[in-house]
Amino acid sequence: MQELIDDFVEMNTSGRVLELCEKYYDEHVLMLNNGTVFAKSMQESYDKQKECVGSVEDFEVKLISSEIEGNVSELVFRYRMTGSDAVISEFTGKHIQTWEKGKIVREEYSTIS
């Protein structure tokens with residue numbers, strides 16, 4: 001499990017969000033964003049994230065903390081993104097992921113600040 005998490009973190013911090021979506025999200029993943037359903041499949045998540053990623057000019061991500069208990073991981077990242085409109089967004093996001101057979105079947109994302 002640690003190797004999967006390490007690879008997920010490396011892909012996220014290097015800005016390969018769409019690749020990690022295809023590699024690690026189960027076809028029927030349930031994704032929540034601040035308590036609201038974001039996507040009910042890998043393809044829906046990919047399509048929504050593609051829109052966002054396309055408008056980002058600069059993407060900086062730093063892992064703040066990582067905890068694994070059984071098949072659940074909790075990852076906290078500090079994000080800094082500059083959009084094509086030069087607007088900078090900075091926030092901390094927590095991802096609580098449930099893994100099965102090397103894939104994320106559920107992810108609860110919340111913005112901390």
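1. In this predicted model, the side chains of Glu-90 and Arg-78 meet in a salt bridge, with 4.0 Å from N to O. The pair links distant parts of the chain, since Glu-90 lies in strand E5 and Arg-78 in strand E4 (residues 72–83), 12 residues apart. Glu-90 is partly exposed, at a relative accessible area of 45%, and Arg-78 is partly exposed too, at 30%. Salt bridges with shared partners join Glu-60, Arg-78, Arg-80 and Glu-90 into one network.

2. The structure holds 8 salt bridges. Another of them is formed by the side chains of Asp-7 and Lys-23, at 2.7 Å from N to O. Asp-7 belongs to helix H1 and Lys-23 to helix H2, so this pair ties together parts 16 residues apart in sequence. Asp-7 counts as partly exposed because its relative accessibility is 21%, and buried means under 20%. Lys-23, at 41%, also counts as partly exposed.

3. Arg-16 forms a salt bridge with Glu-19, and their closest N and O atoms are 3.9 Å apart. Arg-16 has a relative accessible area of 29% and is partly exposed. For Glu-19, also partly exposed, the value is 43%.

4. Which residues of helix H2 (residues 17–24) are buried? They are Val-17, Leu-18, Leu-20, Cys-21 and Tyr-24. These residues cover an arc of only 165° around the axis, which puts them on the same side of H2. An α-helix has 3.6 residues a turn, so residues three or four places apart point the same way. The cover over the buried residues of H2 includes helix H1 (2–13), E1, helix H3 (42–54), strand E3 (56–69), E5 and E6.

5. Strand E6 (residues 103–111) pairs with strand E1 (residues 25–33) in the parallel sense, over 5 bridges. Within this pairing, Asn-33 has Tyr-109 of E6 as its bridge partner. Strand E5 (residues 88–100) runs antiparallel to E6, and 8 bridges join the two. Here Lys-94 stands opposite Ser-110 in E6. E5 and E6 form a hairpin with 2 residues between them, and Lys-101 in the turn has a positive phi of about 55°.

6. On the whole chain: there are 3 helices and 6 strands, in the order α-α-β-β-α-β-β-β-β from the N terminus on. A compact globule of 113 residues would have a radius of gyration near 13 Å, and the chain agrees with this at 13 Å. Buried residues make up 35% of the 113 residues. The accessible surface comes to about 6,500 Å², and 48% of this belongs to carbon and sulfur atoms.

Conventions
Residues are numbered from 1 along each chain as its sequence is written. This is a predicted model: local features need pLDDT of at least 70, side-chain atom pairs count only at pLDDT 80 or more; totals for chains, interfaces and linings use all residues. Side-chain values use heavy atoms; hydrogens and water are left out. Two strands pair if DSSP finds at least two bridges between them. Helices (H or I, at least four residues) and strands (E, at least two) are DSSP runs, numbered from the N terminus. Buried means under 20% relative accessible area, exposed over 50%, partly exposed in between (1.4 Å probe, protein chains only). The arc is that of the directions from the helix axis to the C-beta atoms. Contact means heavy atoms within 4.5 Å. The radius of gyration is taken over C-alpha atoms; the globule rule is 2.2 Å times the number of residues to the power 0.38. Accessible areas come from the Shrake-Rupley method with a 1.4 Å probe; for residues, only the protein chains shown count as cover.
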